[in-house]
Amino acid sequence: MGCDRNCGLIAGAVIGAILAVFGGILMPVGDLLIQKTIKKQVVLEEGTIAFKNWVKTGTEVYRQFWIFDVQNPQEVMMNSSNIQVKQRGPYTYRVRFLAKENVTQDPEDNTVSFLQPNGAIFEPSLSVGTEADNFTVLNLAVAAASHIYQNPFVQVVLNSLINKSKSSMFQVRTLRELLWGYKDPFLSLVPYPVTTTVGLFYPYNNTADGVYKVFNGKDNINKVAIIDTYKGKRSIYAVFESDVNLKGIPVYRFVLPSKAFASPVQNPDNYCFCTEKIISKNCTSYGVLDISKCKEGRPVYISLPHFLYASPDVSEPIDGLNPNEEEHRTYLDIEPITGFTLQFAKRLQVNLLVKPSKKIQVLKNLKRNYIVPILWLNETGTIGDEKANMFRSQVTGKINLLGLIEMILLSVGVVMFVAFMISYCACRSKTIK
């Protein structure tokens, strides 16, 4: 009888030990198996689920525009006053709905290159107005031409053409014209061949953005779909900020840091964005990046909306701005197991430099340089409810279930082993007495 009881206690302790060991072994082994299974499907290569969803995303991506409507154009032009702006928007378009093209794998550095065809569909229900709404904005052609052609004789000719076309420092344009292009009256009079159509995003439809080069995840799953280069150049980086729960899915939030827009004095990596000494105040001004070399010499500067993180000298000549991090910063939410970006908000502001010019009448009264905000955009995409449910069931759900099983096995095993061993020792003590 005593032997049967002791044998039963020992058997229970052994079973508990086996369960505990099995639970402990399942932790690394189970995680490894799941990681291996996930990795097969999240790598960006032909035949995987990730590749199919990546080539043509099922997530709806929207680009919202807020236009800076200038309230005092005459005061600025005549007295070099601060520019008073009023933000109007959002005006929303659906974008990135076309499949990627020229998808090319590079096995040497585990990247994939592609072009993203451009297309924009106006969404009236998500907009405050129509594409026919009017705005008073800086005259893009006048500002750019006076910057590109600085020879005094050429500027005399430009002044004659500007006056003849009845153009000025500011102009009234519809949303459609400002974004997608209009035939400029001043440029139409230029006696030699130039592009006469002007627009912040002209040309757009039937064109392609890129070449993008992103990591395919074969060597490091955590880098999948992260941009390596854009048009062969270094991309802007993001840094980890916090853990976020997105529709029941734990994700890591990465944000665009203020350091990315810092002056070369603060961040030496930005030395290439300082192309001149006057506007940048000897490369000490910060918060805007000069991308004129990418825009055929046009004086285009990009920044975060409302000059967030910019030095005071940049925003001082502009009234009506109200920068705040929550509304104006750029972020992306990445699921850490798969490396998928499940939500993002890319926020940028387009600005144009305008400078005084003694030879051009509409600019001769200016007494300072202005980096004039034209608009800011918010391009967003969030995983849909259906795909979030699928993701939870196929990825995070399985991992959580495995983790629960591991903990149950380990906990039950340890409790059984300890309980049965204590009982066995107690029984042995009574028997010896």
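Is E241 buried, partly exposed or exposed? E241 counts as partly exposed, at 36% relative accessibility. Buried means under 20% relative accessible area, exposed over 50%, and partly exposed in between (1.4 Å probe, protein chains only).

This is a predicted model, in which local features need pLDDT of at least 70, side-chain atom pairs count only at pLDDT 80 or more, and totals for chains, interfaces and linings use all residues. Residues are numbered from 1 along each chain as its sequence is written, and side-chain values use heavy atoms, with hydrogens and water left out.

**View A. The E241 and R329 salt bridge.** The side chains of E241 and R329 meet at 2.4 Å, N to O. A salt bridge is a side-chain nitrogen of Lys or Arg within 4 Å of a carboxyl oxygen of Asp or Glu. E241 sits in strand β13 (residues 239–246), and R329 in the loop between α8 (325–328) and β18 (331–334). The two residues are 88 apart, so the pair links distant parts of the chain. Helices (H or I, at least four residues) and strands (E, at least two) are DSSP runs, numbered from the N terminus. R329 is buried, at a relative accessible area of 10%.

**View B. The E379 and R96 salt bridge.** A salt bridge joins the side chains of E379 and R96 (2.6 Å, N to O). E379 belongs to strand β20 (residues 370–382), while R96 is in the loop between β2 (83–95) and β3 (101–106), so the pair ties together parts that are 283 residues apart in sequence. Both E379 and R96 are buried.

**View C. The network around R96 and E379.** Salt bridges that share partners join R63, R96, D209 and E379 into one network. A search of the whole structure finds twelve salt bridges.

**View D. The D109 and K213 salt bridge.** The side chains of D109 and K213 form a salt bridge at 2.9 Å, N to O. D109 lies in the loop between β3 and β4 (111–117), and K213 in strand β10 (residues 208–215), so parts 104 residues apart in sequence are tied together. D109 is partly exposed, at 29% relative accessibility. K213 is also partly exposed, with a relative accessible area of 21%.

**View E. T48 in its loop.** T48 is found between α1 (2–42) and α2 (49–55). The side chain of T48 reaches the backbone oxygen of V43 at 2.7 Å. T48 is buried, with a relative accessible area of 7%.

Definitions and conventions. Polar contact = N/O pair within 3.5 Å; in protein donor to acceptor, adjacent residues only side chain to side chain.
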